[in-house]
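Hi everyone, thanks for coming.

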Amino acid sequence: MPYRLSCPECGVAVTEEVVVPDTGTITTFAINNLPDPRAPEVPFVSAYIQLDGTDIPMIALVGGIPAHEVRQGMRVRAVWVPEEERTTSMSNIKWFAPTGEPDAEL
């Protein structure tokens, strides 16, 4: 998840790091037909992805699959930029790609 220095609700400094898996489930999505420099291709999919072990979905791009094949419940895994290019931002994840696992029940 994006690294945070403070709580977005109250502004208190974050002192604990919590590591979560880079796998999750697509809860809902949209197919986009306008170009975006972050997208793998057009059309592309932006989706709410609930990472395993979390209770709040995050929004991210989906790649590695034709847009018309994306579906709710699809299991996905983060595709990371090379380690030497990583910062403390969401740009560390290029997009999420299907894992090949059976769909999750929502």
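Let's begin with contacts, meaning heavy atoms within 4.5 Å. Among the contacts in the protein chain between residues at least 6 apart in sequence, 49% join residues at least 24 apart.

Quick housekeeping before I go on. This is a predicted model, where local features need pLDDT of at least 70 and side-chain atom pairs count only at pLDDT 80 or more, while totals for chains, interfaces and linings use all residues. Residues are numbered from 1 along each chain as its sequence is written, and side-chain values use heavy atoms, with hydrogens and water left out.

Okay, the overall layout. The protein chain has zero helices and five strands. Those words refer to DSSP runs, numbered from the N terminus: H or I with at least four residues for helices, E with at least two for strands. Reading along the sequence, you get β-β-β-β-β. The radius of gyration of the protein chain is 14 Å, close to the 13 Å that the globule rule gives for 106 residues, so the chain is as compact as a globular protein of that length. For that comparison, the radius is taken over C-alpha atoms, and the rule is 2.2 Å times the number of residues to the power 0.38. If you'd rather think of a box, the C-alpha atoms fill one of roughly 40 × 30 × 25 Å along the principal axes.

Now, inside versus outside. I'll say buried for under 20% relative accessible area, exposed for over 50%, and partly exposed in between, with a 1.4 Å probe and protein chains only. How much of the protein chain counts as buried? It's 28% of the 106 residues.

By a nonpolar core I mean a set of buried Ala, Val, Leu, Ile, Met, Phe, Trp, Tyr and Cys residues joined through side-chain atoms within 4.5 Å. The largest one here has 16 residues, and Ile26, Ile49, Val62 and Phe96 have the most contacts inside it. The elements giving two or more residues to this core are strand 2 (44-51), strand 3, strand 4 and strand 5. Strand 2 gives the most, with four residues. Take isoleucine 26: setting aside residues up to four places away in sequence, its contacts include Ile49, Val62, Val76 and Leu106.

Next up, charges. A salt bridge here is a side-chain nitrogen of Lys or Arg within 4 Å of a carboxyl oxygen of Asp or Glu, and the structure holds five of them. One of them pairs arginine 77 with aspartate 22, at 3.1 Å from N to O. Arginine 77 lies in strand 4 (residues 75-80) and aspartate 22 in the segment before strand 1 (23-32), so this pair ties together parts that are 55 residues apart in sequence. Arginine 77 is partly exposed at 41%, and aspartate 22 is partly exposed at 22%.

Then there's arginine 71 with aspartate 103, at 2.6 Å from N to O. Arginine 71 is in the loop between strand 3 (58-62) and strand 4, and aspartate 103 is in the segment after strand 5 (93-98), so parts 32 residues apart in sequence are tied together. Salt bridges that share partners also join Asp52, Arg75 and Glu101 into one network.

Buried or exposed, what is threonine 23? Buried, at 9% relative accessibility. Its side chain makes a polar contact with the side chain of aspartate 52 at 2.5 Å. Such a contact is a pair of N or O atoms within 3.5 Å; within protein, one must be able to donate a hydrogen and the other to accept it, and residues adjacent in sequence count only if both atoms are side-chain atoms.

Last stop, the loop between strand 1 and strand 2, where we find proline 40 and proline 43. A cis peptide bond joins valine 42 and proline 43, with omega about 0°. Proline 40 is partly exposed at 33%. Leaving aside neighbours within four places in sequence, proline 40 is in contact with Leu61, Val62, Gly63 and Trp95.
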